[in-house]
Amino acid sequence: MPNTVKIYIDDKEYEVPAGKNLVDVAKFYADNDIPVFCYHPKMNPVGMCRMCLVEMGSIEKDRATGEVVLDPAGKPKIRWFPKLQTACTTTVSDGLVIRTGTSQVEEARENVVEFLLTSHPLDCPICDKGGECPLQNLTMAYGPGTSRMNFEDKIDLDKHVPLGDLIYLDEERCIQCARCIRFQDEVVGDPVLAFHERGRSLQIITVSEPGFDSYFSGNTTDICPVGALTTEDFRFGARPWELTNIPSIDPWDAAGSNITLCVRLERDFGGKAAIKRVMPRQNELVNEIWISDKARWGHHFTRAEDRLQHPVVAGHNVTWPNALTVASDKIKAAGSDVAAIAGPQMSNEDLWSLRQLLAGVGSERLGAWPPTHAGADLLAQVGVGSGTNLGTLGKGDAVLVIGSDLEEEVPIWRLRVKRAHDHGAYLVVANARPTRLDQFGDECMQYGVGEAAEFMAELVKTPVGKQLAEAENLVIIAGAEGMTLDGSRALMQAAANFLISTGHVGKANNGLLSTLPGANGMGLHYMGFTPETTLDITQNPPKVLIIAQADVMADDPDAQEWLSRVETIITFGLFPDGASERAAVSLPIQSFAERDGTFTNGERRVQRFYTAQGPMGEALPAWQAVQRLGAVLGQGQAKPSAAAVMLEITQNVPGWEGCRFSQLAKVEKQFPDVGGHDLYYGGTAYKNFGGLGVQIASAAEQGKVSEGKVTSPKAAKAKILALPVTRLYNRERVLRASEADVLGPRIAQPFVEINSADAKKLGIKTGDTVDVKMGSAPALRARAHVDGIAPVGTVVVPRHLSDTAAPLAPAAVEISKVEG
């Protein structure tokens, strides 16, 4: 083992990595849980709570010879510290000796717990943390059996303090460990919490407006060692021991964060299992032990009352056999003139089944929705290498984020990139407008709207490009903000060329990433669906169009026009929408929480999710509904399970040979070791029992790849250009249930950003209502926000805040003030 040292814990010798934290080493290598409250393995140690006190010394060596000094018994002589030392602030070195179970250590632990309990309320029976509370567990293990404190000396503080719309603070329960404050500052970079007052009156306050303004606030409730921080939606909702914990995958973005769906049988859900909360599941290669607040609180659509729950034909509920017969007749009548458009929340099994259905009728027209991000094929060629872990990037490494508002599009990647920068990685941020990530960048660069590919191609000639090229490891994260589909393709090719020319492909921690929309953008690619085909479908509509979990009317202002030229529409969806209203047949499908399946994240990692929640109405897994339709068309019987569909995929799709469900479910020990009985160490993030997934190797790992030609489209020119952007919290159809239940205050009212110079010419001020008109599409009405941030000549239009669709790509618009 390279660079190791010998240490001694309770008279046993261990060989461990040099310089590691003593608490971590004791737990991971010696299975010795040194109790902690303030220390957390993902944050810097502060030694505040003193719970980790141990007897500490070192083996004495002769200063002249360096030889170990022996005592009269012939054993190494130990030079002990006169007082107990904090283990969490100690890094291991050769010859370190500690004792963790002596009477002196036990007395110190008892004293710490006793002091913490002096004003702590005895409300465990009604506390949401009860049953998974570190303070409760450590009190049982180390605390005094009785209290010596006078009840009159107890300090009374507020019990129900909203830190924001999502998190509540019980000031009496807080033990001032500062984990929440430090997490927001160190890990996230959102210093929105702070201490106020002093002594026994010390309390947590929010220092942002709105309160606790962060996309990662829910993680503070996981790492809080007491019940001081609770979530708005789970507060008094269930007890931890009543819950069944099911491994799953975040359905919202390309990170593929591992989550746990905590479910309970609910009377008001017909006695079926319902999601009570969503928690992080450890996967150090993907999301570590963190999740975004959207992943945590965006699950309510899975049991929304307005879900599509029965097959619909001509506006009437029918049986599945009737609906499949009608759909089959329509497809047969069209011959091979059939196409499909699929969204990125469709699982790999769903997409494969849909591909096979179209192949059975002689069609290969498979479109990926939304048609905004090109270049998934380049991710398969030069995407980040197998074993990549963004969390290990640091000094000597580099990250370039270009054409993306990463915090809004893939927040976990933003968090991990920020941490890489903290560890010394060189971070370059480039976009057509400023974004939140600029706050952390070493270099923040700006280019014209639609000019990302040219910027990328010329970057190699600049000092910044040279520093990127000379980095030991380089990851480029490319988005599509401010670009057409052709522009996105050009940027991806230019980024791929840069990586190939500098030798940053085919190995771990090197390569290309893209902020592909949804959880399964890469799955769409591997199963044969492309955004280029989608554009061809919109321009040359087929006789029969199958739309699978894609809300085309809400995403594309031109959808009404091109859908009107389709003879027959068949939809597979979660909700009634604009397309289903025009459909001959609408078939209800299950959400990710109601079935088994897999997603492929942006790093090409295929990951399993498991059935957690009871089904809604007669909805079926999409793969099963598609295969039943195929059976009616004479294409063979439907497979018995999602696992059987995946088996067929592994036998037919190159690179997927190792992706059987049993292989995807394999786990291994991870550092830090969290999720055990010692919740005081890592918090309530769940240990991974559902599988770490399998990363598909890139072409660069298997052989040489070559640079490609960059064909940059001409940047769109107009008096005013709409620049569509992504907002994490929005009003897309699948998020509306969460808007009503939890996220409503965090979702902005429709607004657009206008540069102050343009606003002056147009006579528009902040707060004015404006109409943004795009061709023949309905005008988008919103409040104007005038600033100096929006690029001159553009109006920044957030997607999905209004019922009116924003453009898919930059487009010429007219903007006018609404009088009255």
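The model is predicted, so local features are reported only at a pLDDT of at least 70 and side-chain atom pairs only at pLDDT 80 or more, while totals for chains, interfaces and linings use all residues. Residues are numbered from 1 along each chain as its sequence is written, and side-chain values use heavy atoms, with hydrogens and water left out. Helices (H or I, at least four residues) and strands (E, at least two) are DSSP runs, numbered from the N terminus.

**Pockets**

- A pocket is found on a 1 Å grid over the protein atoms alone, as an open set of points with protein on both sides within 12 Å along at least five of seven lines, and its lining residues have an atom within 4 Å of a point.
- The largest pocket holds about 940 Å³ of space, where a volume is the space filled by probe spheres set on the grid points, which are joined across faces, edges and corners.
- Its lining is made up of 36 residues, and those nearest the centre are Lys42, Glu284, Asn389, Phe671 and Pro672.
- Helix H1 (22–30) and helix H11 (411–422) each contribute at least two residues to the lining of the largest pocket.
- That lining divides into 13 nonpolar, 12 polar and 11 charged residues, where Ala, Val, Leu, Ile, Met, Phe, Trp, Tyr, Cys and Pro count as nonpolar, Asp, Glu, Lys and Arg as charged, and the others, Gly among them, as polar.
- The second largest pocket has a volume of about 710 Å³, and of the 27 residues that line it, Asp213, Tyr215, Glu407, Glu408 and Arg727 lie nearest its centre.
- The lining of the second largest pocket has 12 nonpolar, 4 polar and 11 charged residues.

**Cavities**

- The whole structure contains 5 cavities of 30 Å³ or more, a cavity being a set of grid points where a 1.4 Å probe fits but cannot get out.
- Threonine 221 belongs to helix H5 and is buried at a relative accessible area of 9%, where buried means under 20%, exposed over 50% and partly exposed in between (1.4 Å probe, protein chains only).
- Beyond its neighbours within four places in sequence, threonine 221 is in contact with residues including Lys129, Ile167, Thr231 and Thr684, contact meaning heavy atoms within 4.5 Å.

- In helix H3 (residues 134–142), the buried residues are Pro134, Leu135, Leu138 and Thr139.
- Seen down the axis of H3, these buried residues fall within an arc of 130°, so they line one face of the helix; the arc is that of the directions from the helix axis to the C-beta atoms.
- Met140 and Ala141 are exposed on the other side of H3, whereas the buried residues are covered by elements that include helix H2 (103–116) and helix H23 (679–682).

**Buried residues in other helices**

- Threonine 533, in helix H16 (residues 531–539), is buried with a relative accessible area of 19%.
- The side chain of threonine 533 makes a polar contact of 2.7 Å with the side chain of threonine 530; such a contact is a pair of N or O atoms within 3.5 Å, where, within protein, one must be able to donate a hydrogen and the other to accept it, and residues adjacent in sequence count only if both atoms are side-chain atoms.

**Backbone features in loops**

- A cis peptide bond with omega of about 0° joins phenylalanine 671 and proline 672, and proline 672 is in the loop between helix H22 (661–664) and H23.
- Another cis peptide bond joins tryptophan 369 and proline 370, with omega of about -5°.
- Aspartate 31 has a positive phi, near 55°, in a residue other than glycine, and it is exposed with a relative accessible area of 67%.
- Phenylalanine 212 also has a positive phi, near 45°, but phenylalanine 212 counts as buried at 1% relative accessibility.
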